[in-house]
Amino acid sequence: MIPEIGHYALVLALGLALIQATVPLYGAARRDAALMQLGTSTAVMQFVFVAGSFAALTACYVTSDFSVANVFENSHSMMPLVYKFTSVWGNHEGSMLLWVLILALFGASVALFGGNLPVTLKANVLAVQAWIACSFYFFILLTSNPFLRLAQPPLEGRDLNPILQDPGLAIHPPLLYLGYVGFSIAFSFAIAALIEGRIDAAWARWVRPWTLAAWMFLTVGIAMGSYWAYYELGWGGFWFWDPVENASLMPWLAGTALLHSAVVMEKRNALKIWTILLAILAFSLSLIGTFLVRSGVLTSVHAFAEDPSRGIFILCILVLFIGGGLSLFAWRAPLLRQGGLFAPVSREGALVFNNLFLTTACLTVFVGTLYPLALEAFNGEKISVGAPFFNLTFAPLFIPLMFAMPFGTLLAWKRGDLLGVAQRLMTAFAIGIAAIAITFAAAGAEHVLAPFGIGLAAFVIIGALVDLAERIALFRAPFATSWSRARGLQRSAWGTAIAHAGVAVTLIGITGAATWGTERIVAMKEGQTITLSGYALTFDGMVQRAGPNFRVLAGKFTLREGGGVVGVMEPSKRTFGARGMTTTEAALLSRGVSQLYLSLGDVNGDGSAAIRFYYKPLVLLIWLGAVVMALGGALSLSDRRLRVGAPKPAAKTALQPAE
Amino acid sequence: MTRKQRRLTLIGGSLAVLGIAAALVLFALKDSIVFFNSPSDVVQKQIAPGTRIRVGGLVEPGSLKKGENLQISFKVTDGAHEVSVRYQGIVPDLFREGQGVVAEGRLEPGGLLAADTVLAKHDERYMPREVVDALKKSGRWQEGEMNADAHVVGKKP
């Protein structure tokens with residue numbers, strides 16, 4: 001019964017979405033307030049029905065109802081409860097249901113919190129949002145129904161892919177989807193603005209919080225995925241330039257560019273057309289990401305199953321929205337009026353520089369990700385484009401971008417004084433150069449580029465502090481004045497400085513782990529000790545245990561530094577009976593922001609165990625940096641101006657229905 | 001500056017950055033991509049020694065030999081031809097004789113592949129796509145034998 005209710009709720013949500021996709025649009029064209037208002041209630045009810053559908057699927061998983069094909073394929077009665085919840089989205093059908101759930105959540109949020117939007121804009125935005133929703137409801141109902149029943153229900157399920165039975169999986173997909181799908185709001189706003197043929201600074205002010213929220217979730221989601229790959233896949237790498245990773249990086253780069261260009265539009269009423277284009281592109285790249293990951297054109301842990309009809313269906317959605325969006329853009333964008341003027345050296349100029357480099361970097365990732373697919377389709381040759389390609393193309397674009405960061409925040413709007421800014425950044429330069437010298441002295445000249453990475457990061461962090469100091473006139477005014485200024489400073493200014501510093505923190509982590517990391521891969525006998533970067537690791541023997549739905553074979557190791565015991569490390573292998581599959585669970589030991597990483601290989605006949613032992617200096621900063629970036633975003637999002645700043649339309653009160 | 005001059009500066013700057021990026025991409029595509037080959041390709045195509053390639057197929061049963069210091073050697077086959085592979089390190093969890101594998105490394109004179117990366121499957125139900133295609137090409141693949149899918153476990157950094 002429950003699966004049927006879930007299925008039916010999804011069909012009802014589709015019905016509501018079809019109404020929402022058409023009626024408010026017609027209402028906006030006819031200026032009919034009642035028809036436009038309909039979008040609000042359908043958006044909220046749509047969310048209620050999708051949530052009900054999602055709850056139904058969750059209930060099937062929790063009660064291990066193996067008469068549902070999806071549950072049978074991806075669950076097991078012995079699986080811990082938390083993984084019964086997470087396996088709801090640990091498969092293709094369920095994850096698409098999560099996708100539409102989040103889409104409906106965003107739609108309902110616009111409906112509920114968009115009270116200060118002009119009514120026609122709100123109606124159009126909700127209609128566009130419903131177009132997206134409709135296409136994905138059709139996709140789920142026609143090609144990937146999660147509620148299909150089996151005629152003869154089996155007694156036991158086939159278990160979730162063990163590699164996905166991990167707390168990381170619980171958080172990574174929902175966060176990533178919140179990011180991907182969040183950009184749909186920016187897209188809907190852009191399309192609505194093109195339909196109306198009117199756009200102003202207030203538009204940017206409404207779009208920015210949504211983009212910012214999506215960007216924050218995407219940032220944390222990508223970091224979470226990277227950390228999960230780091231500890232679960234067992235080879236200690238944090239970024240593989242795998243197409244599925246690139247699929248999430250591209251919308252992030254476009255979204256970051258969008259955040260910055262929306263600032264120019266909001267403050268100076270310039271770059272309107274470009275901002276609209278970026279809003280379309282950011283969501284298009286999210287759709288391309290969904291297509292790459294879900295269609296089976298790529299082979300990875302994310303491609304749950306290969307089914308050509310699904311791939312073609314998503315490709316159609318892709319062509320419809322990207323093609324439609326860009327065509328509408330080409331047709332209507334010339335109607336939008338040009339905004340304010342600015343000199344090349346100005347805050348606007350710096351933000352254009354930012355956009356130029358971010359979109360170019362995004363383009364190189366796009367080429368590197370899709371070129372192998374295009375080549376294979378074209379002449380059947382198979383190639384792999386890996387880290388060397390991206391190190392050569394992506395990194396050279398990111399370095400000038402980071403170097404320009406502190407300049408950008410210090411330049412004045414309209415016309416800036418580059419020399420004056422450089423003078424104010426003298427402290428940051430000096431500390432950056434000192435950081436380079438210290439790193440050279442400490443680490444030697446073996447890796448020439450690494451000290452410059454650290455120096456650049458120091459420059460960016462100090463640059464962010466200088467920006468804050470300038471704003472509150474620290475050391476120039478009496479301390480009390482600075483204090484009161486600091487308290488009165490807009491939260492978005494703090495947010496900018498913190499997010500920029502976060503990028504630098506990530507850079508330090510990448511530099512540290514990539515250049516000064518050490519590793520040993522050896523076969524160890526019981527009682528044997530090996531050393532790595534000043535740490536001594538002793539193998540104490542193997543132990544066996546039983547887990548809920550797996551068996552554990554663990555190695556016991558003691559880690560010592562200078563004679564004293566630092567800790568015990570227990571890397572293990574888990575064998576899952578239901579699928580006959582083994583996973584490697586690495587043991588991690590944090591020392592400050594550095595980590596020791598131990599993973600277990602084969603156990604040989606003579607009792608020796610193959611191990612991989614890594615020392616990863618500063619590695620935690622990679623993900624901490626991403627968290628700092630997201631914190632900056634959150635602080636900026638809490639800025640009062642973003643919530644109440646947009647001028648309220650005068651007509652609003654007149655349009656509210658009598659109660 | 002007039003509006004026109006400003007616009008020209010902007011367009012010129014953008015073109016310069018795009019030009020540099022395009023040059024980098026072309027250079028990188030020439031030098032840092034790796035071609036995939038089936039064992040039959042390796043035997044028939046006369047690939048120059050020292051070339052970095054990927055080879056995919058099944059680990060030939062009975063060919064896996066373990067040596068000192070985690071040295072292993074095995075043969076990758078597509079049913080028609082085979083390539084010997086040498087590797088030092090830890091192989092992925094699902095690396096087994098008779099199973100699909102993708103090895104990446106330099107081809108040595110004599111046709112031996114000195115691999116630095118060995119990729120196997122994520123899941124007992126699926127197989128690297130390259131392997132499926134290589135087997136299909138040599139006619140050893142039965143449709144519906146396995147759900148095709150997978151990769152990336154066991155990358156030696």
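**Note on the predicted two-chain model**

1. In this predicted model, the C-alpha centres of domain 2 and domain 3 of chain A are 25 Å apart. The contact between these two domains draws 13 residues from domain 2 of chain A and 20 residues from domain 3 of chain A. On the domain 2 side, the elements that contribute two or more residues are helix H8 (201-232) and helix H13 (387-410) of chain A, and the largest share, 7 residues, is supplied by H13(A). Sorted by class, that side of domain 2 of chain A consists of 10 nonpolar and 3 polar residues, with no charged residues.

2. For orientation, chain A is divided into domain 1 (1-150), domain 2 (174-417), domain 3 (425-516 + 621-629) and domain 4 (518-616).

3. Helix H1 of chain A, residues 2-30, has 29 residues and reaches 42 Å from its first C-alpha to its last, which is close to the 42 Å expected at 1.5 Å a residue. The helix is followed by Arg31(A), whose phi is positive, near 55°. Most residues other than glycine have a negative phi.

4. The largest nonpolar core has 182 residues, and those with the most contacts inside it are Val100(A), Ala186(A), Phe189(A) and Ala279(A). Taking Phe189(A) as an example, and leaving aside residues up to four places away in sequence, Phe189(A) touches Val125(A), Trp203(A), Trp206(A), Val207(A) and Ala279(A). Apart from this core lies another, of 43 residues, whose members include Leu559(A), Ala610(A) and Phe613(A) as well as Phe95(B).

5. Helix H10 of chain A, residues 272-294, contains Ser284(A), which counts as buried because 21 other C-beta atoms lie within 10 Å, where 20 or more are needed. Beyond residues up to four places away in sequence, Ser284(A) touches Phe321(A), Ile322(A) and Gly325(A). Ser284(A) and Phe183(A) are 101 residues apart in sequence, yet their C-alpha atoms are 9.0 Å apart in space.

6. Which residue in the loop between helix H9 (243-268) and H10 of chain A deserves a look? That loop holds Asn269(A), a residue other than glycine with a positive phi near 60°. Asn269(A) is partly exposed, because 17 other C-beta atoms lie within 10 Å, a count between the limits of 12 and 20.

7. A further positive phi, of about 70°, is found at Phe475(A), which is not a glycine. Phe475(A) belongs to the loop between H16 and helix H17 (479-488) of chain A, and with 8 other C-beta atoms within 10 Å it is exposed.

8. Helix H16 of chain A, residues 449-471, also includes Leu465(A), which counts as partly exposed because there are 17 C-beta neighbours inside 10 Å. Leu465(A) and Val448(A) are 17 residues apart in sequence, and from C-alpha to C-alpha they are 27 Å apart in space.

9. Strand S9 (residues 587-591) and strand S10 (residues 594-603) of chain A run antiparallel and are joined by 5 bridges. Within this pairing, Leu588(A) has Tyr597(A) in S10(A) as its bridge partner. The hairpin has 2 residues between the strands, and Gly592(A) takes a positive phi there, near 65°.

10. Not counting residues up to four places away in sequence, Ala587(A) touches Met569(A), Glu570(A), Pro571(A) and Leu598(A). Ala587(A) and Gly555(A) are 32 residues apart in sequence and 9.8 Å apart in space, taken from C-alpha to C-alpha.

11. Among the contacts in chain B with a separation of 6 or more, 55% are accounted for by residues 24 or more positions apart.

Conventions
Residues numbered from 1 in each chain as written. Chains lettered and ligands numbered in written order. Predicted model: local features only at pLDDT ≥ 70, side-chain atom pairs only at ≥ 80, totals over all residues. Domains from an automatic or database assignment. Contact = placed C-beta atoms within 7 Å. Helix = DSSP H or I, 4+ residues; strand = E, 2+ residues; numbered from the N terminus. Nonpolar A, V, L, I, M, F, W, Y, C, P; charged D, E, K, R; others polar. Expected span 1.5 Å × (residues − 1). Core = buried A, V, L, I, M, F, W, Y, C linked by C-beta atoms within 7 Å. Pairing = 2+ DSSP bridges.
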